[in-house]
Number of protein chains: 2
Amino acid sequence: MKLLEERIKADGNALNENVLKVDSFLNHQIDPQLMNEIGKEFASLFANEGITKIVTIETSGIAPAVMAGLHMNVPVIFAKKSKSLTLFEAMLTTRVYSFTKQESNDISISKKYISEDDRILIIDDFIANGEAALGLVNLVEMTNAKVAGIGIVIEKSFQPGAQKLKDLGFRVESLARIAKLSNGEVTFVNEKVEELV
Amino acid sequence: MKLLEERIKADGNALNENVLKVDSFLNHQIDPQLMNEIGKEFASLFANEGITKIVTIETSGIAPAVMAGLHMNVPVIFAKKSKSLTLFEAMLTTRVYSFTKQESNDISISKKYISEDDRILIIDDFIANGEAALGLVNLVEMTNAKVAGIGIVIEKSFQPGAQKLKDLGFRVESLARIAKLSNGEVTFVNEKVEELV
């Protein structure tokens, strides 16, 4: 997605070879117009998958997921990282390790909002090692619903998550695919191909 | 906002005299179409306030805030409840007590995204005792920007938060104002007035 790649080039901050900071438009400050375009793009990519619900994870997945839900006209459910006093009904829980935060978290969704007839689109802001996305796949599969696709805003293609999910048979669509972070520079997968030609 | 009040009547769950559960369209499952209408309503209510940025707090403030940002064409910043490894720049922090969760949390925003020329609209999903909104007011005032309004999706008018903020001179607009929760029933402020007539 050209608009997103341009924004990453302009405002993303490659802190080191592993960490891309996009706090100015996605992870702390959010650009609603960009999120709207991202939502449209997911809606178009997964238009033929019969999606009935979107599942994401708090916090940074919510904005792109809600915009995708708006354009696909389906509800969005966000998995929670901690238990709430006001969520009493049966929760499905799985454990996710975050390499960025170097900690494990239980993530949960309520059984109530997903049925086995649902076709789920999983959306998240980043994919690196794939732990969060795999956790969401686990939660969805516990409900016997079908994971019909996985939409990622920014894929760190130099880490194994996206490939791992594709190897498991899932359709993964990432709107920006990063081949390399170095010296404060971001190189996308399509640029790398061009360089090699 | 009629659409929201109807939705609360239909799908809200008054767990007891203090807790209204709206997990089916706001706090766990999100209805993007409803959020879009909520965003439009905030944009219309605060159209003459010269808003330059929206500030909300993770997690449930994000969806309504981003939709308001879309219709007002301004960025959204969400305050974070815990420190992130990838947020290195100067953070402004204040402490907020949650009566619902019975715990205190530090909430933070980066200095970088708010300047003293900004006119800020604070948006949150609920107001009860007003602790979260007051925390956001504190954070904004640390930047010397102006709080130009406070938009709340659901106000528990039987608790003191909204009045506290009005007494401090802030314009508070709540899209649904709850007078009473009892026996699983929700009574709105406007219904109560009608009953008394």
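At what angle do the axes of α3(A) and α3(B) cross, and within what distance do they come? They cross at roughly 65° and come within 9 Å. This is a predicted model, in which local features need pLDDT of at least 70 and side-chain atom pairs count only at pLDDT 80 or more, whereas totals for chains, interfaces and linings use all residues. Residues are numbered from 1 along each chain as its sequence is written, chains are lettered from A and ligands numbered from 1 in the order in which they are written, and side-chain values use heavy atoms, with hydrogens and water left out.

**Interface of chains A and B**

- Chain A and chain B bury about 3,600 Å² between them, 65% of it on carbon and sulfur atoms; buried area is the accessible area (1.4 Å probe) that two parts lose on being put together, summed over both.
- On the chain A side, A:His28, A:Gln29 and A:Leu70 lose the most area to chain B, together 19% of what that side buries.
- The contact (heavy atoms within 4.5 Å) takes 43 residues from chain A and 43 residues from chain B.
- Across this interface the rule finds 0 salt bridges, a salt bridge being a side-chain nitrogen of Lys or Arg within 4 Å of a carboxyl oxygen of Asp or Glu.

- Helices (H or I, at least four residues) and strands (E, at least two) are DSSP runs, numbered from the N terminus.
- Axes are lines fitted to C-alpha atoms, for helices over the stretch in contact, and angles run from 0 to 180 degrees between N-to-C directions.
- α3(A) and α3(B) are therefore roughly perpendicular to each other; angles under 35 degrees count as roughly parallel, over 145 as roughly antiparallel, 65 to 115 as roughly perpendicular and the rest as oblique.
- A:Ile62, A:Ala63, A:Val66, A:Met67 and A:Leu70 of α3(A) make the contact with B:Ile62, B:Ala63, B:Val66, B:Met67 and B:Leu70 of α3(B).
- These residues divide into 10 nonpolar, no polar and no charged, where Ala, Val, Leu, Ile, Met, Phe, Trp, Tyr, Cys and Pro count as nonpolar, Asp, Glu, Lys and Arg as charged, and the others, Gly among them, as polar.

**Helix packing within each chain**

- In chain B, helix α2 (residues 32-45) and helix α3 (residues 62-72) pack at an angle of about 55°, with their axes 7 Å apart.
- α2(B) and α3(B) are therefore oblique to each other, and their crossing is right-handed.
- Residues in that contact include B:Met35, B:Ile38 and B:Phe42 of α2(B) and B:Met67 and B:His71 of α3(B).
- By class, the contact of α2(B) with α3(B) has 10 nonpolar, 3 polar and 1 charged residues.
- In chain A, the axes of helix α1 (residues 2-11) and helix α2 (residues 32-45) come within 10 Å and cross at roughly 145°, in a left-handed crossing.
- There A:Leu3, A:Leu4 and A:Arg7 of α1(A) meet A:Leu34, A:Glu37 and A:Ile38 of α2(A), giving 4 nonpolar, no polar and 2 charged residues.

**Salt bridges**

- Over all chains the count comes to 24 salt bridges.
- One of them joins the side chains of A:Glu131 and A:Lys164 (3.7 Å, N to O).
- A:Glu131 lies in helix α4 (residues 131-142) of chain A and A:Lys164 in helix α5 (residues 161-167) of chain A, so this pair ties together parts 33 residues apart in sequence.

**Backbone geometry**

- Most residues other than glycine have a negative phi, and most peptide bonds are trans.
- The peptide bond from A:Glu58 to A:Thr59 is cis, with omega near 5°, and A:Thr59 is in the loop between β4 (53-57) and α3 (62-72) of chain A.
- In chain B, a cis peptide bond joins B:Glu58 and B:Thr59, with omega about 5°; B:Thr59 lies in the loop between β4 (53-57) and α3 of chain B.
- A:Asn73, in the loop between α3 and β5 (76-79) of chain A, has a positive phi near 55°.

Technical notes
Left-handed = near helix turned anticlockwise from the far one by under 90°.
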